[in-house]
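Please read the following briefing alongside the sequence and the coordinates. It is arranged by topic, with each cut-off given where its term comes up.

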Amino acid sequence: MKAALIEAPGKVTVTTVPDPTPGPRDVVVDVAACGLCGTDLHILQGEFAPKLPIVPGHEFAGEVVGIGSAVTELSLGDQVAVDPSLYCYECRHCRNGHNNMCERWAAIGVTTAGGAAQYAVAPVANCVKLPEHVRTQDAALIEPLSCAVRGYDVLQSRLGAHVLIYGSGTMGLMMLELAKRTGAASVDMVDLNPARLETARQLGVSASAADPDELDRPQGWDLVIDATGNAAAIQDGLERVSKAGTFLQFGVADYATRVTIDPYRIYNQEITITGSMAVLHSFERAADLFATGVLDPDIFISHRLPLDTYPEALAQFASGQGRKIIITP
Ligand SMILES: [Zn+2]
Ligand SMILES: [Zn+2]
């Protein structure tokens with residue numbers, strides 16, 4: 001089959017690899033769509049994946065075209081979205097229900113072959129069957145949405161919160177959609193690129209600006225979400241959390257990124273600084289939310305590109321053009 005392959009740091013190609021074969025409790029998915037994400041760029045930089053080469057792609061959906069000998073839950077022809085998380089279920093964190101902190105954490109498309117290919121293998125336990133009205137080629141959005149749902153679980157958002165989001169890329173916009181639906185009193189957004197804020201306005205952001213000083217809220221925001229991973233944005237965001245407010249590190253920063261914190265203020269104003277990593281018991285709910293139309297795929301997916309163009313598509317994504325780029329093998 002044809003697949004994208006990250007061969008070494010900085011080196012990605014499209015090539016032919018052996019067709020995957022399912023284990024007893026696996027299915028083979030004919031990939032209809034696979035989303036590109038910052039994680040793919042980190043893997044390309046040599047981070048996250050313990051060993052290269054790897055077929056990337058952890059945000060995908062498709063049709064079941066092969067089933068393992070012990071699979072009874074799914075049938076050929078079923079349309080599924082795939083939760084990429086692979087947990088050991090045995091370590092201390094798994095046993096405490098904190099599986100995304102698994103000591104043997106692994107994920108399809110990060111540590112094992114992923115969905116940027118014609119076919120991908122997934123455990124049946126990781127597949128969520130899509131309702132008929134959901135287009136499979138849109139369902140690659142469910143995985144990033146499940147990360148946003150996990151972020152919201154960490155935030156423990158309360159009704160009437162004032163929310164500030166840094167970064168109006170796909171993840172920031174998903175946070176915006178969830179904030180609107182969890183009863184935020186206001187959702188403001190910051191992005192250095194004014195063109196990107198246009199989509200945020202289209203989706204009903206309360207206020208938006210390239211410079212947060214233009215957002216008139218001197219008392220700060222109850223919930224500040226970084227969806228950039230950028231040091232300057234994170235630093236600024238930490239300083240705009242209101243008393244008793246919470247800062248969520250949701251964007252993926254480079255390993256070397258450092259910011260300064262003000263311990264006296266954290267103490268004196270009871271500031272919470274927290275993070276959320278990937279998916280935790282949130283994929284099923286994201287699939288349900290997606291089926292209710294929480295995201296408009298025609299807004300969230302800006303490009304649908306063929307698998308042959310994977311290296312160029314990744315470069316385009318890295319340049320910050322567009323929103324979610326979907327590869328359609
Ligand atoms: Zn992702
Ligand atoms: Zn574990």
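**Zinc sites, sheet and backbone features**

Glu 59 is buried, with a relative accessible area of 1%, where buried means under 20% relative accessible area, exposed over 50% and partly exposed in between, for a 1.4 Å probe and protein chains only. This is a predicted model, in which local features need pLDDT of at least 70 and side-chain atom pairs count only at pLDDT 80 or more, while totals for chains, interfaces and linings use all residues. Residues are numbered from 1 along each chain as its sequence is written, chains are lettered from A and ligands numbered from 1 in the order in which they are written, and side-chain values use heavy atoms, with hydrogens and water left out.

**Zinc ion (ligand 1)**

- Glu 59 (OE) coordinates the zinc ion (ligand 1) together with Cys 37 (SG) and His 58 (NE2), at 2.1 to 2.3 Å; donors are N, O and S atoms within 2.8 Å of the metal (3.2 Å for Na, K and Ca), and water is not among the atoms, so sites may look incomplete.
- Along the chain, these donors follow the spacing C-x20-H-E, and His 58 counts as buried at 5% relative accessibility.

**Zinc ion (ligand 2)**

- The zinc ion (ligand 2) is coordinated by the SG atoms of Cys 88, Cys 91, Cys 94 and Cys 102, at 2.3 to 2.4 Å.
- The site of the zinc ion (ligand 2) is tetrahedral, with angles of 101 to 119 degrees among its 4 donor atoms; four donors count as tetrahedral if all angles lie between 85 and 135 degrees.
- In sequence, the donor residues of this zinc ion are spaced C-x2-C-x2-C-x7-C.
- Cys 91 lies in the loop between β6 (85–86) and α2 (92–95) and Cys 102 in the loop between α2 and β7 (106–107), so the pair ties together parts that are 11 residues apart in sequence; helices (H or I, at least four residues) and strands (E, at least two) are DSSP runs, numbered from the N terminus.
- Both Cys 91 and Cys 102 are buried.

**Sheet and helices**

- An open sheet of 6 strands runs in the order β12-β11-β10-β13-β14-β15, with parallel pairing, where two strands pair if DSSP finds at least two bridges between them.
- At the edges stand β12 (207–209) and β15 (272–275), each with a single partner strand, so one side of each is left without a neighbour in the sheet.
- Strand β14 (residues 241–249) pairs with β15 in the parallel sense over 4 bridges, and Leu 248 stands opposite Thr 274 in β15.
- Helix α3 (residues 142–155) has 14 residues and reaches 20 Å from its first C-alpha to its last, close to the 20 Å expected at 1.5 Å a residue, the expected span being 1.5 Å times one less than the number of residues.
- Of the 14 residues of α3, 13 are buried, so the helix is largely enclosed by the rest of the structure; α3 is followed by Gln 156, whose phi is positive, near 45 degrees.

**Loops and backbone**

- A cis peptide bond with omega of about 5 degrees joins Leu 52 and Pro 53, and Pro 53 lies in the loop between α1 (38–44) and β4.
- Glu 270, in the loop between α7 (263–268) and β15, has a positive phi near 50 degrees and counts as exposed at 60% relative accessibility.
- Ala 278 is not a glycine, yet its phi is positive, at about 60 degrees; Ala 278 is partly exposed, with a relative accessible area of 24%.

Note on methods
Four donors count as tetrahedral if all angles lie between 85 and 135 degrees; four count as square planar and six as octahedral if opposite donors are over 155 degrees apart and all others between 65 and 115; anything else is irregular.
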